[in-house]
Every structure is written in C-alpha cells, then in structure tokens.
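Welcome! Open your viewer, get ready to select residues by number, and take the stops below in order.

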Amino acid sequence: MVGAQCCENPPVLSSTCGSGWLEVIGGLNAYISGSSDSKAAVLFVSDIYGFESPNMRKLADKVAAAGFYAVVPDFFYGDPYDSTKHASLLEWLKFHSTDKGYEDAKAVIEEIQRKGISAIGAVGICWGAKVIVESAKINEIQAAVMFHPSVVTVEDIKEVKCPISILAAEIDHVTPTEVIKQYKVALSAKPEIDSFVKIFPGLVHGWTIRYDVNDEAAVKNAEEAHTYMFDWFTKYLK
C-alpha cells in the first residue's frame, strides 16, 4: 500500500525545467527528451508527485544524452498529489489508480512503437513500479527498473517476463526489506529471467528522485542508483 512515507520530502514541481519539450503521446501530455530516431526508448512512470519533478526530468535528459528516447508522461492529468489540495493520499488514489496508469502506459508504449522503436525499457518509481510490473508481465517492455517500489506484490514479481532490476531502500516502511528479499527469492526461482535486486543501506524511500541537489551525499546516493539503471538499460536495450 502506498503509505505516509511516500509523502515525505515532496519536490518543488516545475513545468519549465529540463532541456526537453512537452508533447502529447499516447493521449497524455509528456516531457520528452532525445530523438525519436533512437533505437531504444525509456519510459518513466513517476511517483505520486508526477511528471514535473525537476530531478526526474534531469534524469530523463541524462538518459537522452546517452542515446535513448526518454518519455515522462503525466499519468495524473495535471493533478499530482498535493497535501495542501487533497484531503488525503487515500482519497487522491481513488482517482489515480495504478490500473488506470497501466492502461495509459500501454497507450504510450504503443505510440512509441509506432515511431519505429522496438526496444523499450521502463522505470517505475514508487507508485509507478506497480504500473510497469504489469507491462513486464506480458512482454510489452524489454527491460524494467524499479526505484523504491510500492504496491507491488510478490505474486506480481513471479509473473515478470523481462529482465528486471529492483533498487530499494533499507529504511522503507512502504515496501520493507523483508518484502524486497521475497522479491529476490521469487526471481531466483526464475533463472531464465535475468534480475538484479539491491537494498541500499541507510537510505530511505524516495532517495533516487526526491533528493536535495545541494546535499552532496544525497546526490551521490541517487547517482549510484541511476548508474545501475543506466547499466541495465544499456545491457538490454542497446
């Protein structure tokens, strides 16, 4: 269940950050970076704070600079979670289910494919992890990376059909390390599916995206996870 820890350290959202541009893809507004002539794409499915996270857009730009077509859709239709506007996270989730997110992601993936890109990876961040695991179950994507997942069950993991990397925090009340270890056991029972599971010691839920850019240690920790992500997509999409 998406919990209170998901709401800690909300980012200051900005619709003007990044070197990419806004475009409609799969019926959703999206932040796009990189060329659609690329042979590989990376789809970002955000946490509850949506596609205007400056750190996520910065990461998408880095992915694009590495030769990928990066797509960051607005899965919340202009309504990311905001504790000052919404009665509660649970109330907000009633209108922004991961089931709807998956259907939207499917449409985005289909449009990316129509651009001639057949190698597609997806990054699921917290809420977004549940969305991409659904795509990973039916070979809609060729590789998956999860940053501090939420809502994802062990049964979900057992159904994954593409290479998957799970990067988790040691201090995470949303998906505790005991559950992450169960993911690892489930994946170990499927040697035909390459997998990588890492629990980052001492770090908390959200560290890969909602970090303070002025905190040198926080930036270093986030970039370590980003490097694992880059390596995974380079291995399976290029």
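Here is a short tour of a predicted model, stop by stop.

Before you start, note that residues are numbered from 1 along each chain as its sequence is written. Because the model is predicted, local features need pLDDT of at least 70 and side-chain atom pairs count only at pLDDT 80 or more, while totals for chains, interfaces and linings use all residues; side-chain values use heavy atoms, with hydrogens and water left out.

**Stop 1: the largest pocket**

Select Glu 8, Asn 9, Leu 203, Val 204, His 205, Gly 206, Trp 207, Arg 210, Tyr 211, Asp 212, Ala 218 and Asn 221, which line the largest pocket. On a 1 Å grid over the protein atoms alone, a pocket is an open set of points where a 1.4 Å probe fits, with protein on both sides within 12 Å along at least five of seven lines; lining residues have an atom within 4 Å of a point. Two elements give two or more residues to this lining: strand 8 (195–204) and helix 7 (216–237). Helices (H or I, at least four residues) and strands (E, at least two) are DSSP runs, numbered from the N terminus. The pocket's volume is about 150 Å³, counted as the space filled by probe spheres set on the grid points, which are joined across faces, edges and corners.

**Stop 2: Arg 210**

Stay with one of the lining residues, Arg 210, and look for the loop between strand 8 and helix 7. Is Arg 210 buried or exposed? Arg 210 counts as buried, at 9% relative accessibility; buried means under 20% relative accessible area, exposed over 50%, and partly exposed in between (1.4 Å probe, protein chains only). Now show the side chain: one of its polar atoms lies 2.8 Å from the backbone oxygen of Cys 6. Leaving aside neighbours within four places in sequence, the contacts of Arg 210 (heavy atoms within 4.5 Å) include Gln 5, Cys 6, Asp 47, Tyr 49 and His 205.

**Stop 3: the cysteines**

Move on to Cys 6, which is buried at 0% relative accessibility. How many disulfides does a search of the whole structure find? The search finds zero, a disulfide being a pair of cysteine sulfur atoms within 2.5 Å. For Cys 6, the nearest cysteine sulfur belongs to Cys 126 and is 3.3 Å away. For Cys 162, the nearest cysteine sulfur is also that of Cys 126, at 19 Å. Cys 162 is buried too, with a relative accessible area of 2%.

Next, select Cys 126 in the loop between strand 5 (119–125) and helix 4. Cys 126 is buried, with a relative accessible area of 1%, and its phi is near 55°, a positive value in a residue other than glycine. Most residues other than glycine have a negative phi.

**Stop 4**

Follow the chain to the loop between helix 4 (127–137) and strand 6 (143–147), where you will find Ile 141. Ile 141 is buried, with a relative accessible area of 2%. Among its contacts, leaving aside neighbours within four places in sequence, are Ile 109, Ile 120, Ala 122 and Cys 162.

Asn 139 lies in the loop between helix 4 and strand 6 as well. Asn 139 is partly exposed, at 46% relative accessible area, and its phi is near 60°, a positive value in a residue other than glycine.

Notes
Polar contact = N/O pair within 3.5 Å; in protein donor to acceptor, adjacent residues only side chain to side chain.
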